[in-house]
Amino acid sequence: MAAHPPIEAYDELDSTNAEARRRAEAGEVGPVWITAAVQTAGRGRRGRAWSTNRGNLAATLLTVTDRPAGEAAQLSFVAALAACDLADACLGAGAARLKWPNDVLVHGKKAVGILVESGARPDGRLWLAVGIGVNLAHAPQDVERPATAFAEHMAGQPPEPRAALEVLAHAFERWRTTWSTHGFAAVAAGWSERATGIGQRCEARLPNRTLSGVAEGLDPDGALRLRLDDGAVERITAGDVFFGGA
Ligand code: BTN
């Protein structure tokens with residue numbers, strides 16, 4: 001099994017991504033996984049909050065890269081595939097599907113969220129904080145779209161967060177190696193096999209506008225190809241997509 005970076009565990013943090021950012025800005029390069037049993041100010045994409053109570057997993061990989069920002073962002077697909085592997089290990093193969101760009105849905109509801117943050121280092125490289133939140137034991141109620149937790153789909157108890165992080169960190173290492181050895185095309189192929197919504201109509205809520213059309217698949221860099229009703233194709237690089245109300 002591929003070795004993974006060390007894990008540093010806290011009982012409570014404001015946010016594992018915030019801790020990774022503090023460390024990166026102080027010059028730490030990692031790689032290190034930072035996890036907390038409770039997050040008091042967990043954050044999600046597009047400025048949303050992400051609550052983490054005891055029993056759920058909140059973890060962030062702090063690392064640095066020589067790659068340009070656009071390529072480095074592909075690590076969010078690596079993270080999504082690793083989280084999908086964790087879901088498969090707990091719930092059985094095929095229970096989880098991926099929704100662009102990096103949500104993991106279990107039986108159609110969100111069970112995992114991923115937030116990648118980055119910044120420039122004085123040496124010109126980028127630091128990356130790859131934050132992954134997994135609803136193992138409970139799902140938040142106060143969210144825009146229905147969420148679920150692994151526990152709702154298991155006969156027994158869900159895994160302890162630390163045990164789940166071991167599985168996740170190993171899976172992350174496997175997909176990261178696929179990315180560095182075979183390139184993003186191999187990651188995109190893995191992602192597409194597990195994707196939901198490709199070929200279906202969707203609404204893409206972008207930072208400054210909303211578009212609707214048919215999601216055709218990934219472009220070679222990870223952008224979503226959206227076929228608009230007038231036949232034109234838009235490349236979606238940031239935002240949220242919603243398929244049939246989910
Ligand atoms: C989303 O909005 O879907 C992304 C949620 C990301 C949550 C994780 S939990 C671990 C890490 N720390 C944070 O504050 N956020 C990420």
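1. Phe243 lies in the segment after β12, a strand that spans residues 240–242. In this predicted model, Phe243 has a relative accessible area of 9% and is therefore buried, since buried means under 20%. Leaving out residues up to four places away in sequence, Phe243 touches Lys99, Thr196, Gly197, Gln200, Arg201, Cys202 and Ala215. Pro5 stands 238 residues from Phe243 along the chain, and the C-alpha atoms of the two are separated by 36 Å.

2. The next point concerns the domains. The domain assignment of the protein chain gives domain 1 as residues 7–193 and domain 2 as residues 201–243. A distance of 23 Å lies between the C-alpha centres of domain 1 and domain 2. Where they meet, 14 residues of domain 1 are in contact with 18 residues of domain 2.

3. Two helices deserve attention as a pair. Two packed helices are described by the angle between their axes and the distance between the axes. Helix α3 covers residues 75–91 and helix α5 covers residues 184–193; their axes come within 10 Å and cross at roughly 40 degrees. The two helices are therefore oblique to each other, because an angle of under 35 degrees would count as roughly parallel, and one from 65 to 115 degrees as roughly perpendicular. The crossing of α3 past α5 is left-handed.

4. Which residues of α3 meet α5? On the side of α3 they are Phe77, Val78 and Leu81, and their partners in α5 are Phe184, Val187, Gly190 and Trp191. The residues of this contact divide into six nonpolar, one polar and no charged.

5. Is Thr63 buried or exposed? Thr63 is found in strand β3, which runs over residues 57–65. Its relative accessibility is 15%, so Thr63 counts as buried, the limit for that class being under 20%. Apart from neighbours within four places in sequence, Thr63 is in contact with Val29, Pro31, Leu126, Trp127 and Leu128.

6. The peptide bond from Gly30 to Pro31 is cis, with omega near 0 degrees. Pro31 lies in the loop between α1, residues 16–25, and β2, residues 32–39.

7. A cis peptide bond is also found from Trp100 to Pro101, where omega is near 0 degrees. The place of Pro101 is the loop between β4, residues 96–99, and β5, residues 103–106.

8. Arg46 is located in the loop between β2 and β3. With 43% relative accessibility, Arg46 counts as partly exposed, because that class lies between the 20% limit for buried and the 50% limit for exposed.

9. His107 likewise calls for a look at phi. Its phi is positive, at about 45 degrees, although His107 is not a glycine. His107 is found in the loop between β5 and β6, the latter covering residues 109–120. A relative accessible area of 56% makes His107 exposed, since exposed means over 50%.

Definitions and conventions. Residues numbered from 1 in each chain as written. Predicted model: local features only at pLDDT ≥ 70, side-chain atom pairs only at ≥ 80, totals over all residues. Heavy atoms only, no water. Axes fitted to C-alpha atoms, helices over the stretch in contact; angles between N-to-C directions. Helix = DSSP H or I, 4+ residues; strand = E, 2+ residues; numbered from the N terminus. Parallel < 35°, antiparallel > 145°, perpendicular 65-115°, else oblique. Left-handed = near helix turned anticlockwise from the far one by under 90°. Contact = heavy atoms within 4.5 Å. Nonpolar A, V, L, I, M, F, W, Y, C, P; charged D, E, K, R; others polar. Buried < 20%, exposed > 50% of the residue type's maximum accessible area, 1.4 Å probe, protein only. Domains from an automatic or database assignment.
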